[in-house]
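Please look over the model below before reading the notes.

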Amino acid sequence: MQPKKQHVLLLIWLFLCSSTAVDLELVAGVTIILSSNIFFYFRELPTPFRLNSPGLQTDLDNKMFGQHIASSIIFKAVNGFMSNTNSNKPLVLSLHGWTGTGKNVMSRLIAESIYTNGMKSRFVHLFTATLHFPHRHMIDTYKSQLQQWVRGNVTNCELSMFIFDEMDKMHPGLIDSIKPYLDYHDNLDGVSYGKSIFIFLSNAGGDIITNTALEFRKAGKYREEITLKDLEETLSLSVFNNQNGGFFHTGLIDKNLVDFFVPFLPLEYEHVVQCAMAEMRARNLEPNHDVANMVARDMVYSPKPEKLFSSTGCKTVQHKLNFYR
Ligand SMILES: Nc1ncnc2c1ncn2[C@@H]1O[C@H](COP(=O)(O)OP(=O)(O)OP(=O)(O)O)[C@@H](O)[C@H]1O
Ligand SMILES: [Mg+2]
């Protein structure tokens, strides 16, 4: 129910209560309707859990630049998952790529397409490795805290979303504590995880993705010709074997619990221009191509000697824009 309708109900209720001439049963009836609605007024309704697929597709088309593989996988994966009412395994996505290529933006777009309050929803939980799990010697405590947190929140709402940022900085072994929840089960101790979504973000595999993008370019092929098949296997293997990352020899990969490894390609000059134009629009400024080009020229491009890809993706565009506009 919309807040405006609740305001109207509240006014009717106050009117009925203040009037001595009305039927007590009517007051009681309105009170019951109102109390259930007031309950939802102060908490986010757990009912809008249908994917807004046209919204997600439009957002991917308009707000996600240079990521044809990621956009297509994410749309199909999330759309398919949300339309399956019988899922007995949560959706597990692992997003990989250089810094500033749009991994956090992608998680936000997914959250916004499912929850009314997007990333601010109380059903969306963001963990950052260096912030939430900083100390190696506390790994056992973190493991049980993480299990309790996930179990508690999924008990509260089946369609919860958990985002684990900086997976490459997470202590190896920690993430295995939630492995049972990511597997195929009708329920575990009475809790069903089949409607939840887990998203892992990491820079691991970024170099492999960049090398593939470079090879395509050198072979005279278009960026858009790169497919998931060109990357998926090498990506999962390199992440699995990276001794310093949170996926090192993890059962999540070993047991094929990650549904999709999603590569984020390194961004090129034209994408930085698109980011700068989008940022101007977001600030209600007249989008100016000359300014966007100045911002894009100011970025550092690598690897040498080709210098095709922005080393920080679009990450510093916001701040650079302040200098040039
Ligand atoms: N592909 C993209 N399309 C549109 N905007 C982007 C894209 N990539 C980055 N941006 C812009 O750059 C900013 C940083 O991107 P984001 O935080 O998603 O990067 P990231 O891949 O999560 O980087 P990191 O690995 O450093 O965490 C975003 O706020 C957004 O404005
Ligand atoms: Mg990020």
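The notes run from the whole chain to the ligand.

This is a predicted model: local features need pLDDT of at least 70, side-chain atom pairs count only at pLDDT 80 or more, and totals for chains, interfaces and linings use all residues. Residues are numbered from 1 along each chain as its sequence is written, with chains lettered from A and ligands numbered from 1 in written order.

**Overall fold**
- The protein chain holds 14 helices and seven strands (DSSP runs: H or I of at least four residues, E of at least two, numbered from the N terminus).
- Of its 325 residues, 35% are buried (20 or more other C-beta atoms within 10 Å of the residue's own, placed from the backbone; exposed means 12 or fewer, partly exposed in between).

**Helix α14**
- V317, K320 and L321 are buried in α14, residues 317-324.
- They lie on the same side of α14 because they cover an arc of only 110 degrees around the axis (taken from the directions from the helix axis to the C-beta atoms).
- H319, N322 and F323 are exposed on the other side of α14.
- The buried residues of α14 pack against α12 (269-282) and α13 (289-297).

**Ligand 1**
- Ligand 1 is surrounded by 18 residues, with T99, G102, K103, N104 and C314 the closest (C-beta atom, placed from the backbone, within 6 Å).
- Helix α5 (residues 103-114) gives the most to this shell, three residues.
- Domain 2 (53-264) and domain 3 (269-324) each supply at least three shell residues (bounds from an automatic or database domain assignment).

Terms used
Contact = placed C-beta atoms within 7 Å.
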